[in-house]
Amino acid sequence: MAGERIEIPAIIGGQEVRTGDLMKAVMPHDHGHVLADVHKVTPAHVEQAVAASAKAQADWSRWPWEERLAVFLKAAELLAGPWRATLNAATMLGQSKTAFQAEIDSACELIDFWRFNPHFAQELYHEQPLSDRSMWNQLEYRPLEGFVYAVTPFNFTSIAGNLPTSPR
């Protein structure tokens with residue numbers, strides 16, 4: 001992967017957005033080595049992303065909670081299998097981490113997050129308030145309303161993947 005120089009568009013509403021206003025992404029340990037050209041966005045693009053997020057949330061919220069959790073379990077399985085080496089390599093190149101550090105951060109921890117978060121969500125969905133013979137208490141859990149704006153750290157792949165996804 002170090003031998004490639006890729007172009008990274010913004011993704012808004014599932015569509016690639018190429019603005020032509022590019023910035024270089026370089027290796028932290030070798031600033032002369034350009035890994036990617038990244039398309040910078042404007043405030044108008046941010047507004048489009050917020051609108052696309054609201055539209056996606058409306059659809060997502062209609063999915064049964066089991067299906068929403070299944071998305072993250074599938075992502076964890078893909079990351080544990082065919083995407084593990086790619087994510088570790090990207091972490092090593094983009095954050096100057098060793099193979100050992102990348103494996104712990106990007107693969108192991110993010111896989112754990114994407115497996116444990118559905119587990120804990122499932123536990124929450126099964127919890128109900130106490131009732132007795134004089135009353136019946138019931139709690140209805142609803143999907144998150146709105147969208148998540150997460151400013152993720154540049155140096156922890158797992159946290160960058162977990163922060164915007166854990167509230168789902």
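Asp59 is partly exposed, at 39% relative accessibility; that class lies between buried, under 20% relative accessible area, and exposed, over 50% (1.4 Å probe, protein chains only). Its partner in a salt bridge is Arg62. The closest N and O atoms of Asp59 and Arg62 are 3.8 Å apart. Arg62 is exposed, with a relative accessible area of 62%.

A word on the rule. A salt bridge here puts a side-chain nitrogen of Lys or Arg within 4 Å of a carboxyl oxygen of Asp or Glu. The count by this rule is nine salt bridges.

Some caveats. This is a predicted model, where local features need pLDDT of at least 70 and side-chain atom pairs count only at pLDDT 80 or more, while totals for chains, interfaces and linings use all residues. Numbering runs from 1 along each chain as its sequence is written, and side-chain values use heavy atoms, with hydrogens and water left out.

Next pair. Glu145 and Arg142 meet through their side chains in a salt bridge, 2.2 Å from N to O. Both residues, Glu145 and Arg142, are exposed.

Now, which residues do shared partners join into one network? Glu7, Glu16 and Arg18. Within it, Glu7 bridges to Arg18, with 2.8 Å between the closest N and O atoms. This pair links distant parts of the chain, eleven residues apart. Glu7 sits in strand β1 (residues 6-8), and Arg18 in the loop between β3 (15-17) and β4 (22-27). Strands are DSSP runs of E, at least two residues, numbered from the N terminus. Glu7 is partly exposed at 42% relative accessibility. Arg18 is partly exposed too, at 44%.

Note on methods. Helices (H or I, at least four residues) and strands (E, at least two) are DSSP runs, numbered from the N terminus.
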